Amino acid sequence: MSDLLVRGCRIVPLGVGDVAPAGGEPVDVLISSGRVVEIGAGLDRPDGVEEVLAEGRWLIPGLWDQHVHLGQWTLSRGRVDTLGLRSPEDAVALVARLVEQEPGRPVIGWGHRPGNWASEGSVAALDAVSGVTPVVLIAGDGHHAWLNSAALAALGLGAREEVVRENEWFAAYERLAALTDDGPEDGAGPRAYRESLAEAAARGVVGLVDFEFTGGAAEWLERWHAGCDLLRIRMATYAEGLESVIASGLRTGTPLDPADPDPRLVMGPLKIISDGSLNTRTAWCCEPYADADPSHPQPAGAANLAPHELQALLARAHMSGLHVATHAIGDAAVSAALDAYAATGALGSIEHAQLISHADVERMAALGVRASAQPAHLLDDRDLSEQIWPGRGERCFPFVWMRDAGVRLVFGSDAPVSPLDPWLAMAAAVHRSADDRDPWHPEHALTPREALAASVDEQPTVRVGSPGDVVLLDRDPLAPAGTSGESAAALRSMPVALTVVAGRIVHRAAHPAAGG
C-alpha cells in the first residue's frame, strides 16, 4: 500500500441523497495505509507522499468487474477471432484458409455466436478442410465448442458429429493447452496476464472476481509474485476444487497466502454453473424455446445439477465460510437457485439472472442474494431473445424491477464473452441498445448514476474511511445529456486519467501533472 494526495478533484456523488463535498467544488483527497483519511481544500502534503494534480477532474470509487474468466480473456486476445462469422460455411472457409497458410498448426478460435445460424456445424465439414490439424472453435458464450476429429481425439473426447456442450466441454477445456504452445512466455504466462490487468486498469478497474476454470491458489500466487499484483483479485473455485480450498483453510475474503497476507489477493466464492446458455438453448426455462423440436428431450433447457446436489453444494460452502456465485440464466434455474439459498442460508449471488420472474426478483431482495449481471450481454442477446423467448422480453435483464425491490445489483462483463470494459456495461444498462434502434424494453433502463453505483463493488461516494481505490475521470460521468443514447455514448467513451489501488497508481494517462 502507498500514500497519495489527489489535489483539486471533484467528488462524484453516487447515492440518491448524496451531494458532492463543497457543493461540487474541487477538494483534496489524502490516501494513507490503503484508506481515504482526509478530504478538504488546501490539505498539507505529508513528507514523502506523492501528489497528483487533478485540475478539477472527477473522482469516483474504483470500478470492479464482478465476473471475469481472466485466463480465457487473456488467451482470447491471441486466438482466432470468430465473432464475425455468420454461418457454418463461413467458419469452414476460415479454417480452410488458416490450415492452408500454416499446415499442422492448431486452429483455436473464439467468439462466434451460432445461436442465430440457420444450421449447426458438423465435425465432418471441419474434417474435410483440416485433415489432421486440430481445430477448436469456441462459441462466444463459452458453453460449447465445435471441434474436428483430430481435436476430439487429442482432448480425449469420443467421436461425434455435433458440438461439445456444457459440462463435457468445461472438463475438456482444461486439456486445451495440450494442443497449443501456450506457456510461461506467451499467452498463458504472467506477462500476458499483467497486460490484461493493465488494460483493465486503463478503464478504471481496480478489482475483479476471477471465475477461471483452471488453476487455483498456487497458480495465482505464482503469477502474483511474478508481477501480476496490479489489481485486487477475488479468486473463485469450482466444485472440483472445493474440498481442497476448505482443507487449506481458505474462506471468502481471506488472503490466498497466509505467509504474506496481502488483502488485495483473496479467496472469492464457490462458483456453480447450474444451467446452460441462451445460444445453446441449454439455459433452463419455465417454458420451451420457441424453436425447440417438440420431440427434443429438453425443449426448455435443463438443470446441470439436481436440486439436492445444488443444495448440498451451497450448504457445504456456507458451513465452511464461503460465499456462492450461482450461474443461472433461465428463469427456472434462477428459481431453483433461490430455493437452494433459502434452504441453506448461504450468502452470495445469482450470476447473470438474465430471465427472471417478478416474484423471484422480490425473493432475491428478501434473501439478500445479489444479482451479478452483465449488461453488455443484452446487446448481443436482444434479437435472439425475441426469437426464442418471444413474449418474455420484459423479464430479460429487468434492472428496474431489481432496483425497486432493493436487490443488490452489481455489474461485470463475463469476459471474454463481452469485453472487460465497465463503461460498455454501464452504457448498455443506460441505453439498452447497441445500434440505431430504440432501446430494448426501456422501462428497465437505469440512470448513469445507478449504473455507476452498480459498478463500484457497492462502495458509497468517496469519503473519509473509503478504500484507497479511486479513479480520476476527464469528464463528469453524471453530466446531463439530452437522451439516454447520448448518456450511453458519453459513458462508452469515458476517458480515465488515473486509477489507484490501495493508494498505488496502477494507471496514469499522459496528461495528469504529478508533483513531489
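**Pockets, sheets and ring pairs in a predicted model**

In the largest pocket, at least two lining residues each come from α1 (70–76), α5 (166–173), α6 (190–201), α7 (217–224), β13 (232–238), α8 (239–247) and β14. Helices (H or I, at least four residues) and strands (E, at least two) are DSSP runs numbered from the N terminus. The model is a predicted one, in which local features need pLDDT of at least 70 and side-chain atom pairs count only at pLDDT 80 or more, while totals for chains, interfaces and linings use all residues. Residues are numbered from 1 along each chain as its sequence is written, and side-chain values use heavy atoms, with hydrogens and water left out.

A pocket here is an open set of points on a 1 Å grid over the protein atoms alone, where a 1.4 Å probe fits and protein lies on both sides within 12 Å along at least five of seven lines; lining residues have an atom within 4 Å of a point. The volume of the largest pocket is about 1,200 Å³, taken as the space filled by probe spheres set on the grid points, which are joined across faces, edges and corners. Its lining has 48 residues, and Glu174, Glu212, Phe213, Thr214 and Gly215 lie nearest the centre. Helix α7 gives the largest share of this lining, six residues. By class, the lining of the largest pocket holds 24 nonpolar, 14 polar and 10 charged residues (nonpolar: Ala, Val, Leu, Ile, Met, Phe, Trp, Tyr, Cys and Pro; charged: Asp, Glu, Lys and Arg; polar: the others, Gly among them).

The second largest pocket holds about 740 Å³ of space. It is lined by 28 residues, with Leu83, Gly111, Arg113, Asp380 and Val417 closest to its centre. At least two residues of this lining come from each of α1, β7 (80–81) and α12 (376–388), and α12 provides the largest share, seven residues. The lining of the second largest pocket divides into 13 nonpolar, five polar and 10 charged residues.

Turning to the strands, an open sheet of eight runs in the order β6-β12-β13-β14-β15-β16-β17-β18 with parallel pairing, where two strands pair if DSSP finds at least two bridges between them. Strands β6 (63–68) and β18 (409–411) are at the edges with a single partner strand each, so one side of each has no neighbour in the sheet. Within this sheet, β14 (residues 265–273) and β15 (residues 324–328) run parallel and are joined by four bridges; Ile273 has His327 in β15 as its bridge partner. An open sheet of five strands, β7-β8-β9-β10-β11, has mixed pairing. Three bridges connect the antiparallel strands β9 (residues 135–138) and β10 (residues 144–147), and the bridge partner of Leu137 in β10 is Trp146.

Across the whole structure, nine aromatic pairs are found (rings of Phe, Tyr and Trp, the last by its six-membered ring, with centres within 6.5 Å; planes under 30 degrees apart count as stacked, over 60 as edge-to-face and the rest as tilted). The ring centres of Phe213 and Tyr238 lie 5.3 Å apart with planes at 40°, so this pair is tilted. Phe213 sits in the loop between β12 (205–210) and α7, and Tyr238 in strand β13, 25 residues apart. Phe213 and Tyr238 are both buried, that is, under 20% relative accessible area, with exposed meaning over 50% and partly exposed in between (1.4 Å probe, protein chains only). Ring pairs also join Phe213 and Tyr238 with Trp169, Phe170 and Tyr173 in a cluster.
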